[in-house]
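Here is a short tour of one structure. Take a look at the model first, then read on.

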Amino acid sequence: MQQRRILIVEDKEMDRQQMQALFQDPKLLIETAADGMEALDRLASNNYSIVLTDLKMPRLSGMQLIEEVQKRRLPVTVIVTTGFGGVDDAVRALRLGAYDFITKPIDFEHLRLVVQRALKERTLQDEVAHLRAQMRDKYSFHNILSKNPRMHQVFELINNVAGTTTTVLIEGETGTGKEQVAKAIHLASASHRSGPIVAINCAALPENLLESELFGHEKGAFTSAVNLRRGRFELADGGTLFLDEVGDIPASMQAKLLRVLQERRFERVGGTDSIEVDVRVIGATNRSLLKLVKEGTFREDLYYRLNVVKIDLPPLRDRPEDIPLLATHFTQKYVRPNEMPKFVAPEAMEVLLNYRWPGNIRELENAVERASVTCRGDAIHPEDLPPDVLTPHAPKQPFVIDLEKPLPDLLRDLTTDIEQQYIRKALKKSHGNIGRCAKICGLSRRSISAKIAEYKIEKALFKEA
C-alpha cells in the first residue's frame with residue numbers, strides 16, 4: 001500500500017501537533033515544517049501529495065511558498081490555513097494556485113473533508129502524469145499517439161515505406177490526422193527527412209491558381225505574374241510534398257500531375273525549361289478515390305500512380321481506447337503559462353468516451369482546448385465540455401450503406417457498435433463491477449471480461465468514486 005505524504009507548514013508548534021494528530025492514518029505519512037524555507041527544503045528532497053500551510057510565517061510566508069511551488073512546477077496540492085487572512089488574501093492565494101483557503105479557528109471536520117477531496121484529485125493527477133510518461137515511452141510514434149491495433153499497423157506501414165521514395169495515399173475521415181501521418185512518413189524517411197515537407201490543400205484553390213501553386217510560373221506568364229515564382233514541387237525538392245484533398249484536383253490538372261509523378265519533371269507556367277525534382281509525394285483524401293474513379297471524376301491511371309502504398313486511418317469512434325490518451329495529451333498541449341496541466345475527471349472522461357466524435361481527433365482536440373481554457377479548477381468536469389459533446393441526444397454518425405462492403409460485414413460492424421455501447425452503459429450502471437455488469441448483460445463473467453478486453457474498455461473509469 002503506497003503512503004501519501006502530507007506536509008504541514010505552521011510556525012506554531014501546538015497547531016502543528018493538532019493537525020498532525022488529525023490525519024493519523026496508515027495510508028498517510030504526515031511531516032511538518034516550521035516555516036516556508038524548511039518546507040521548500042523538504043519539497044526538494046521528497047514527493048508530497050498535499051501541503052497544508054499557514055500564511056504568516058517567518059523567513060518565507062505561505063504566499064511566497066505557493067509562488068515557489070508554482071514557479072518550480074512541483075506536483076503538489078497546496079491548501080492554505082490562516083487566522084489572519086481576509087477576502088483579498090484568499091483571492092490572491094487561489095489565483096496563485098492554492099486548492100482551497102480555510103480560516104482559523106479551523107473546523108477540523110471540514111478540513112478533513114477538503115484534504116480527502118484534494119487527495120482524490122491528486123491521485124488522479126498522478127495517474128495522468130504516469131499516463132503522459134506512457135505516451136512518451138510506449139504509445140508515441142513520430143508524434144502520433146495510439147494504442148489501437150489498427151493504428152499500430154499504420155505505424156508498421158510507415159516504417160516499411162521509410163527506406164523508399166514510394167508514393168503514399170492516405171484515406172480517412174476529416175480530422176483523423178492524415179497530415180500528422182504524412183509528417184510521420186517524412187520524419188521516418190531515410191532519404192528525404194533532411195529535406196522540407198511542403199503541404200498544399202488542393203480543394204482550397206481554383207484550377208488556374210492550383211497549377212501555379214504546384215508548378216510555379218515564369219515572370220510575365222500572366223497579368224499578375226510580375227516575378228518568377230517557384231511552385232510547391234520545386235520547394236519540396238529533396239523532401240516531401242503533401243497533397244491534401246487530392247481527390248478535388250480538377251480533371252485537366254490530373255493529367256499534369258500524372259506526368260510529374262511518372263517523369264519527376266515539369267515546366268513552370270509560361271516556361272519551356274524542364275525542371276527535374278526528387279520528391280516523395282503523399283496524397284490524402286477524406287473520400288474514396290476508387291469511388292471517384294468509378295464515378296468518372298478521377299483518372300484511373302492517376303489513382304494507381306498515387307495508390308502505390310495505401311494507408312486507411314480509422315475514425316476516432318473505432319479507436320475509443322485512444323480517447324483518454326489523446327485527451328491527456330491535449331491537456332498538456334494547452335496548459336497555461338506557469339500552471340500545471342488540467343486533468344480530465346472520470347465523469348468527464350465518461351462523456352468523452354460515449355460521444356461519437358464525427359469530427360474525430362480534431363473535434364476532440366478543440367473540446368479539450370476549450371475545457372482547459374474555461375474550467376476553473378485543476379480538473380475538467382462535464383460542465384466544462386462543449387454543449388455538442390454534452391447533449392444526451394447529440395447527433396450521431398449516421399449508419400452509412402456502403403455497397404462496397406458485403407452485407408455480413410456491415411451487419412457485423414453495426415452489431416459490434418451496439419454491443420460495445422451496451423456494455424459501457426451496463427458498466428456505468430454497475431459502477432465497474434464485473435459481476436453485476438455480466439448479470440445486466442445476461443452473460444457470464446468470463447464472457448463479459450473477454451469483451452471488455454476486446455473493446456479495450458477501461459473499467460477504472462466506471463468505478464464509483
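## Thr77 in its strand

Thr77 is found in strand β4. Helices (H or I, at least four residues) and strands (E, at least two) are DSSP runs, numbered from the N terminus. Thr77 has a relative accessible area of 4%, so Thr77 is buried. Buried means under 20% relative accessible area, exposed over 50%, and partly exposed in between (1.4 Å probe, protein chains only).

The Thr77 side chain makes a polar contact with the side chain of Arg122, at 3.2 Å. A polar contact is a pair of N or O atoms within 3.5 Å; within protein, one must be able to donate a hydrogen and the other to accept it, and residues adjacent in sequence count only if both atoms are side-chain atoms. Beyond its neighbours within four places in sequence, Thr77 is in contact with residues including Ser49, Ile50, Val51 and Tyr99. Contact means heavy atoms within 4.5 Å.

## How the model is read

This is a predicted model: local features need pLDDT of at least 70, side-chain atom pairs count only at pLDDT 80 or more, and totals for chains, interfaces and linings use all residues. Residues are numbered from 1 along each chain as its sequence is written, and side-chain values use heavy atoms, with hydrogens and water left out.

## The sheet and its helices

Five strands form an open sheet in the order β2-β1-β3-β4-β5, with parallel pairing. Two strands pair if DSSP finds at least two bridges between them. The edge strands are β2 (28-33) and β5 (100-103). From one strand to the next, the twist averages 20°. Strand β1 (residues 4-9) pairs with β2 over six bridges. Ile6 has Ile30 as its bridge partner in β2.

Helix α1 (residues 13-22) lies across β1, β2, β3 (50-53) and β4 (77-82), at about 175° to β2. Axes are lines fitted to C-alpha atoms, for helices over the stretch in contact, and angles run from 0 to 180 degrees between N-to-C directions.

## A helix pair

Helix α13 (residues 322-333) packs with helix α15 (residues 360-374) at about 50°, with their axes 9 Å apart. That makes α13 oblique to α15. Angles under 35 degrees count as roughly parallel, over 145 as roughly antiparallel, 65 to 115 as roughly perpendicular and the rest as oblique.

## Ala162

Ala162 sits in helix α6 (residues 149-162). Its relative accessibility is 9%, so Ala162 counts as buried. Leaving out residues up to four places away in sequence, Ala162 touches Ala188, Ser189, Ala190 and Arg280.
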